[in-house]
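Here is my note on the charged side-chain contacts. Please read it with the model open.

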Amino acid sequence: DYTGAFAGKRLLLAEDIEINREIVQTLLEDTGIAIDCAGDGDQVCRMFAQRPDDYDLIFMDIHMPEVDGFEATRRIRALAIAKAKTIPIVAMTANVFREDIEKCLQSGMNDHLGKPISIDDMMVKLKQYLLGKSKLQQ
């Protein structure tokens, strides 16, 4: 049971497909985490740059129009804001081959979640990055 587990934390969700945003919001609605949504890579960069201290984690879709998740991550990491270097950024992608994961890491992302999103996998990442708990401490 994850009720209230992430109260006081805020997630920035970069996802261009509305139903995918709704799925993540539904999966997390009982956890207490606040979620702000960005519909594209450009928007996620602007939102983070305007209020970096509001966010504890970014879930970054890879395939978005205009600015994809790789470029958005590079832009965030390049910002002259200390938190831009350290905020955990977790890719969300259906591409789960080793080379896809490597590309995520090379762009500056910390980790990766496969799509379709599994609630269990998502909770592992949230606990790891928001509560500092590894898989062994669950």
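Which residue forms a salt bridge with R74?

1. The partner is E71, and the closest N and O atoms of the R74–E71 salt bridge are 3.4 Å apart. A salt bridge here is a side-chain nitrogen of Lys or Arg within 4 Å of a carboxyl oxygen of Asp or Glu. The model is predicted: local features need pLDDT of at least 70, side-chain atom pairs count only at pLDDT 80 or more, and totals for chains, interfaces and linings use all residues. Residues are numbered from 1 along each chain as its sequence is written, and side-chain values use heavy atoms, with hydrogens and water left out.

2. R74 and E71 sit three residues apart in helix α3 (residues 69–78), so about one helical turn separates them. Helices (H or I, at least four residues) and strands (E, at least two) are DSSP runs, numbered from the N terminus.

3. R74 is partly exposed, at 42% relative accessible area. E71 is partly exposed too, at 30%. The cut-offs: buried is under 20%, exposed is over 50%, partly exposed lies in between (1.4 Å probe, protein chains only).

4. R74 and E71 also belong to a network of salt bridges, linked with D42, R46 and R75. The structure holds 11 salt bridges.

5. D111 and K125 form another salt bridge, 3.0 Å from N to O. This pair links distant parts of the chain: D111 lies in strand β5 (residues 111–114) and K125 in helix α6 (residues 119–130), 14 residues apart. Both D111 and K125 are buried.

6. R51 bridges to D54, with the closest N and O atoms 2.4 Å apart. R51 is partly exposed at 37%, and D54 is partly exposed at 33%.
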